[in-house]
Amino acid sequence: MDNAIVSVTDLYKRYGPVVAVDRVSFSVARGEIFGILGPNGAGKTTTLETLEGLRRPDGGQAIVDGIDVRRDPRGVRARIGVQLQEAGFFERLTVTETLELFGSFHPAPLPVATAISRLQLEEKRHARVETLSGGQRQRLSVATALISDPPLIFLDEPTTGLDPQARRNLWEVIAGFRAEGRTVILTTHYMEEAQRLCDRVAIMDHGRIAAMDAPRELIRRYTPGTTVALNVLEGGAAYGTLPGVQRSETINGEVVMSTTDPVQTVDALMELARAGQMHFQQLRVEEATLEDVFLELTGHRLRE
Amino acid sequence: MTIVMGFRMYVRDRSSLFWGMAFPLILMGLIGLAFGRSESLTFRVAFVNPDNPLGVALREGLGQVPVFTMSDVPTEAEAVELLRKGQRILVIIVPPFGSTDPLRVFYDQARDQESRTALVILERFVAEANLRIAGVDPAVRIEATGVAGAQETRFFDFLLPGILAMTVMQTGLQGVTWVVTGYRERLILKRVLATPVRPFVFLTGLVARYAVTNIVQLGVIVLIGVAVFHARIVGSLGMLAAVALFGALAFVGIGFAVSTWSKTPESANLLGSVISFPMLFLAGTLWPREFMPAFMQPVISLLPLTPLVEAMRGIATRGDTVMPYLAGLAYLGLWGGVTFALAAWRFKWE
């Protein structure tokens, strides 16, 4: 990738006998939102913290904005903004003071007021951190990543534990970072988040990257079908031979078909019903999601 | 910035305000209540005189003895009762008019030394009275001249520098351990590590914050100590502050080292207490170290708190310069340096 801001080659990290990151390679283009999607323990956070210069890799190479993380971790930290998963704050400082303090750790910070307005924390500007709600703390956490005005921002599960409304708000903020030309690398275990927000997604499981591409491409490649499902009350058909259907199975009394041409498949089903050959209800047509991709690739669900 | 924010956090933290300022002052007040009586030397004497004119003259004379606080009690039984309760040290019973019986004196055996001193003063007073009544000029006389050698040290003068030294130690062993392990446990240190700031710079800021807050704390304790407890500081305040600052740095080092051995703030605090409390009681902080048995003295000399207490007390109560205490302070500095190195080596961010 020519315009890569991050390039990772054969990154390897182990904790004792446990291999957390197993020879992972990827690169991230300048200006994109890159997601690392996977269940807890997949190695997402370790990968991120290695790129942030917080952990030393045991093997492989990671170049962040032209700097080898292993050679100069502090140089890397000067060019990035980091939001850590579950990290605490100095409870007795206010929002403004916290951002002033973290701004002082960087050579050319953004004005505190800018960071506050970007994260919609104006109302809580003078509130002590200990009084903030979960969503507000999370926004403050993202604000501390933004305060250094970095070209590259790392967000480790930025929306975990937020209610749907707060999550959508934060998505807008993160999409705004991309609009300003910043690059964002985030981890998540919400496939909806990856699908809606990310230009490209790496699906990670057991320390390896199982697949990596734009969400739409991943879905097209790994679950090339749309799901058509129905409850058959009477009669039936040779579902596998209907137009477009790749395979069919019965799950909990429900016939589930995977089809490349949902319009044709549904049309054929309706024809059979009108002809009186079968009687069904609750017809569902579902686009595949990253969840299906994940299931297809790893054999298990994202959250179990 | 770290220092400024640290100071703000400190001011907003009620518990650290309590431990840093209120607790030392309360302790000072309580110890003052317990031991402060010996501060001014007076003996409370009960005087029982039925009707003897000689007794009246005696009473008048005794009333002028500055160390005696006289009170008249009607009957012997009541006076002895007061003695038993420990409310008087001597009871003087004047014989009835015309009797040649001696003056009878009861003294408090429980406070042997004090009552013997009071008896000696009374005997000397009676001897003088006898000479006067006999009209004889004493052949041998004493002319006593007070020489202001070491300034008289009152109890609070003695206590205040000890309390200050204790506060310095507590900041390191209780404050630093609590805060550093707390920051680590809540991953605040990790958040700082994720910025380009050099860990060394941040930790130095943290240490400087403790040094600043310590001096402020000590200032408040000195002010209240002087205003409320009438403690006096003879020596140079600047020198005292400099020594306190030096001690604060050394104990912050020890506190950092302790915090590398504990995962949670609670266990760090406990470990800090285990180290600080024996030192507090042994090192001559609240009472002279000579109160401790002789076999403990070599151990006491090894404690890092001891040289700090001695230097601060020397400066505060005797107006010494720092010179005689340099060796002891160097020893304390060694503690600070070694523990800092140990802490730097063992320090973990998360």
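1. Start with the covering of helix H12 of chain B. Its buried residues are covered by elements that include helix H6 (155-185), helix H9 (237-259), helix H10 (265-282), helix H11 (297-302) and helix H13 (326-346) of chain B. The model is a predicted one.

2. How many residues of H12(B) are buried? The count is 12 of its 14 residues, so the helix is mostly covered. Among the buried ones are Leu305(B), Pro307(B), Leu308(B), Val309(B), Met312(B) and Ile315(B). Arg313(B) is buried too. Thr306(B), Gly314(B) and Thr317(B) are also on the buried list.

3. The length of H12(B) can be checked. The helix runs over residues 305-318. At 1.5 Å a residue, its 14 residues should span 20 Å. The C-alpha atoms at its ends are 19 Å apart, which agrees.

4. Look next at what follows this helix.

5. Now turn to a helix pair in chain A. Two packed helices are described by the angle between their axes and the distance between the axes. Here the pair is H3(A), residues 95-104, and H5(A), residues 134-146. Their axes come within 9 Å and cross at roughly 30 degrees. Angles under 35 degrees count as roughly parallel, and H3(A) and H5(A) are therefore roughly parallel to each other. The crossing of H3(A) past H5(A) is right-handed.

6. Which residues of H3(A) meet H5(A)? They are Val95(A), Thr98(A), Leu99(A) and Phe102(A). On the H5(A) side, the partners are Leu140(A), Ala143(A) and Thr144(A). By class, this contact has 5 nonpolar residues, 2 polar and no charged ones. An α-helix has 3.6 residues a turn, so residues three or four places apart point the same way.

7. Two residues other than glycine deserve a look. Most residues other than glycine have a negative phi. Asp149(A) has a positive phi of about 55 degrees although it is not a glycine. Asp149(A) sits in the loop between H5 and strand S7 (152-156) of chain A. Asp149(A) is partly exposed, at a relative accessible area of 36%.

8. The second case is in chain B. Leu187(B), also not a glycine, has a positive phi of about 60 degrees. Its place is the loop between H6 and helix H7 (188-193) of chain B. Is Leu187(B) buried or exposed? Buried means under 20% relative accessible area. Leu187(B) has 18% relative accessibility, so this residue counts as buried.

Definitions and conventions:
Residues numbered from 1 in each chain as written. Chains lettered and ligands numbered in written order. Predicted model: local features only at pLDDT ≥ 70, side-chain atom pairs only at ≥ 80, totals over all residues. Heavy atoms only, no water. Axes fitted to C-alpha atoms, helices over the stretch in contact; angles between N-to-C directions. Helix = DSSP H or I, 4+ residues; strand = E, 2+ residues; numbered from the N terminus. Parallel < 35°, antiparallel > 145°, perpendicular 65-115°, else oblique. Left-handed = near helix turned anticlockwise from the far one by under 90°. Contact = heavy atoms within 4.5 Å. Nonpolar A, V, L, I, M, F, W, Y, C, P; charged D, E, K, R; others polar. Expected span 1.5 Å × (residues − 1). Buried < 20%, exposed > 50% of the residue type's maximum accessible area, 1.4 Å probe, protein only.
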